[in-house]
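Let's walk through the links that join different parts of this chain. Keep the model open beside the text as you read.

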Amino acid sequence: MHTLGRIIGVGAIAAAAFTLAACGSDDKDTAATTTTAGTGAVAQAKHGRECTAEDIGVTGGFGETPRVTIPGDCDPPTKLITKDLVEGSGPGAVAGQPLTMNYVLVTWSDKKKLDSSFDRGKPFQLNLGAGEVIPGWDQGLVGVQQGARRLLIIPPNLGYGAGSGGIKPNETLVFVTDAVGVGN
């Protein structure tokens with residue numbers, strides 16, 4: 001019985017040491033995301049506060065290919081965020097109107113550009129509110145004026161949700177859009 005007690009005691013100490021070692025990393029520069037085994041789902045680290053539009057770095061003016069920088073010290077927003085980076089002019093877009101947009105898409109989890117109409121040299125056309133695009137665009141581009149550059153931070157439920165077309169499941173999307181044409 002005395003030997004069994006020692007084995008259990010040593011096992012408990014080893015388990016505690018293993019647990020502390022696994023949890024004891026003080027590396028603050030570890031990746032902000034991990035992939036859930038077998039699913040490809042994006043699990044994002046928690047930093048204690050959601051990012052705002054002001055946390056996202058965007059360089060370049062209207063018509064120039066923007067460069068987007070996503071910080072690593074805040075969490076992706078859980079609600080749609082829009083911010084005009086360059087003001088446009090004329091009436092704001094309403095549902096049913098055609099829009100001609102240039103855009104850059106950066107994915108939150110890896111902070112890399114995934115798509116860009118600027119790179120293709122051809123703007124993207126859509127009818128606002130017609131369900132031709134993800135809900136984050138249909139909602140986030142309402143009111144955009146011709147000549148405006150708008151930042152859209154789109155949570156997964158308004159983006160691609162379970163994933164699609166090279167976008168990971170539960171991915172937050174960051175778009176910088178230029179309204180080339182509103183209503184024409």
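**Cross-links in the chain**

At 2% relative accessibility, cysteine 74 is buried (buried is under 20% relative accessible area, exposed over 50%, partly exposed in between, with a 1.4 Å probe and protein chains only). Cysteine 51 is buried too, with a relative accessible area of 2%. These two cysteines form a disulfide, with their sulfur atoms 1.7 Å apart; the term stands for a pair of cysteine sulfur atoms within 2.5 Å. The link is right-handed, with 80 degrees about the S-S bond. Cysteine 51 sits in the loop between β2 (42-44) and β3 (57-59), and cysteine 74 in the loop between β4 (67-69) and β5 (81-86), so the bond ties together parts 23 residues apart in sequence. Strands are DSSP runs of E of at least two residues, numbered from the N terminus.

This is a predicted model, where local features need pLDDT of at least 70 and side-chain atom pairs count only at 80 or more, while totals for chains, interfaces and linings use all residues. Residues are numbered from 1 along each chain as its sequence is written, and side-chain values use heavy atoms, without hydrogens and water.

Now for the charged pairs: the whole structure holds 6 salt bridges, each a side-chain nitrogen of Lys or Arg within 4 Å of a carboxyl oxygen of Asp or Glu. One of them joins arginine 150 and aspartate 84 at 2.6 Å, N to O. Arginine 150 belongs to strand β9 (residues 149-154) and aspartate 84 to strand β5, 66 residues apart. Arginine 150 is buried at 7%, whereas aspartate 84 is partly exposed at 24%.

Conventions. Helix = DSSP H or I, 4+ residues; strand = E, 2+ residues; numbered from the N terminus.
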